[in-house]
Amino acid sequence: MNEQNNGDEKDWDNWDTLLASDTVASNPGHVKIEWIRFFRAFPTAFLWFSGTLIILTLLTIYKGLGWSVALVIAVLLSLHGLRRLRVHFAMGDVNPGVIFSQQPPRIAVMTNLSQGFDDYPVVRILPHPLRAAGLGNEAIGTRVATISLYHMQRGKEPHWSGFNPVVVQAATTKKEVQERVYASIAESEWSNLENALNNLPTKEVGIYAIGWQAEPGSLVS
C-alpha cells in the first residue's frame, strides 16, 4: 500500500471510506466478485448473512414488530459487509502467493505492510479453501495471485498490523481475469516470496516479519 497523492478518477462507491483515508493499493485487483463462486469458497459467510436475516425475519413475523429494529440493523450490516467484499476484490492490493500445503489447505502470501515509511515485508501463512477455488489438485509451490485489504490496530504505526489475502480464483471463474491479475505481479515479487519461504523458521499459520537475508533454495513444503 502506498500513500495516495490524488483522488481516484473511477467511482468505486467511495471505497476509500472502508480503508485508511490516505492510502490506495499500489496494484488494485479490479476484479468484479462472483457471489456464487465466493460463497461456495466461504460458505460460513453466506450462512451468517442469510441465517441472521431469516431468523430475524421470522421473529418479526411471529414475535412482533419489536424485532423489526434488529432486522433493519442486520440488513444494514449485511449490506455493509457485502459492499466491503466487493471493495476487497475491486480495490484491494494484489500480492504474490503460493500453495503452501494441501493437507491441510494453506497458502503463503508476501506483502509489504509499510504505510509509506520504512519497508516492512512479511509473509503470512493461512488456511484457504483451495478445493472450492478450483485449486485442490495443484502442487505444493504453485503460484497463485491473491487480493488483500490491510488493517490497523492501535499502536501499530507506522505499518499496517495485518492483511487478509484471498486467491483470485475464489472471487471469479473468468480465466482472462485470473490471468490478468496473475500477470500484474512482477517476477521479482515471486522470487522474493519464494526466497523468503526458504528461510522461514516455521510452517505454522501466522504472520512473519522478514528480518533475514533471503537466500535461494528449495521451497518450504
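Me: Which backbone oxygen does the side chain of His 88 reach?
Reply: That of Asn 164, at 3.5 Å. This is a polar contact (N or O atoms within 3.5 Å, one able to donate a hydrogen and the other to accept it; residues adjacent in sequence count only if both atoms are side-chain atoms). Keep in mind that this is a predicted model: local features need pLDDT of at least 70 and side-chain atom pairs 80 or more, while totals for chains, interfaces and linings use all residues. Numbering starts from 1 along each chain as its sequence is written, and side-chain values use heavy atoms, without hydrogens and water.

Me: Where is His 88 placed?
Reply: In helix α3, residues 68-91. Helices (H or I, at least four residues) and strands (E, at least two) are DSSP runs numbered from the N terminus.

Me: Is His 88 buried or exposed?
Reply: His 88 is buried, as its relative accessible area is 5%. The cut-offs are under 20% for buried and over 50% for exposed, with partly exposed in between (1.4 Å probe, protein chains only).

Me: Which residues does His 88 touch?
Reply: Leaving aside residues up to four places away in sequence, His 88 touches Ile 147, Ser 148, Leu 149, Asn 164 and Val 166. Contact means heavy atoms within 4.5 Å.

Me: Ile 147 and Val 166, then. How do they stand?
Reply: They stand opposite each other, with Val 166 in β9. Thr 146 has Val 167 of β9 opposite. Strands β6 and β9 (residues 166-167) pair in the antiparallel sense over two bridges, and at least two DSSP bridges are needed for a pair.

Me: What joins β3 to β6?
Reply: Six bridges join them, and the two strands run antiparallel. One example is Val 98, whose bridge partner in β6 is Arg 143.

Me: What do the six strands form?
Reply: An open sheet with antiparallel pairing, in the order β9-β6-β3-β4-β5-β10. At its edges are β9 and β10 (206-209), each pairing on one side only.

Me: How many residues of β6 are buried?
Reply: Five of the six, so the strand is mostly covered.

Me: On to helix α4. Which residues of α4 are buried?
Reply: In α4, residues 175-183, the buried ones are Val 177, Gln 178 and Val 181. They lie on the same side of the helix because their arc around the axis is only 100°, taken from the directions from the helix axis to the C-beta atoms.

Me: What do those buried residues pack against?
Reply: Against β3 (93-102) and β6 (143-148). The face of α4 turned away from the buried side carries exposed Lys 175, Glu 176, Glu 179 and Ala 183.

Me: Last topic, rings. How many aromatic pairs does the structure hold?
Reply: Seven. Rings of Phe, Tyr and Trp (its six-membered ring) pair with centres within 6.5 Å; planes under 30 degrees apart are stacked, over 60 edge-to-face, the rest tilted. Tyr 150 and Phe 163 are stacked, 6.1 Å centre to centre with 25° between the planes. That pair links distant parts of the chain, 13 residues apart: Tyr 150 in strand β7 and Phe 163 in strand β8.

Me: Is Phe 163 buried or exposed?
Reply: Phe 163 counts as buried, at 0% relative accessibility, and Tyr 150 is buried too, at 5%.

Me: Which residues form one aromatic cluster?
Reply: Trp 35, Phe 38, Phe 39, Phe 42 and Phe 89.
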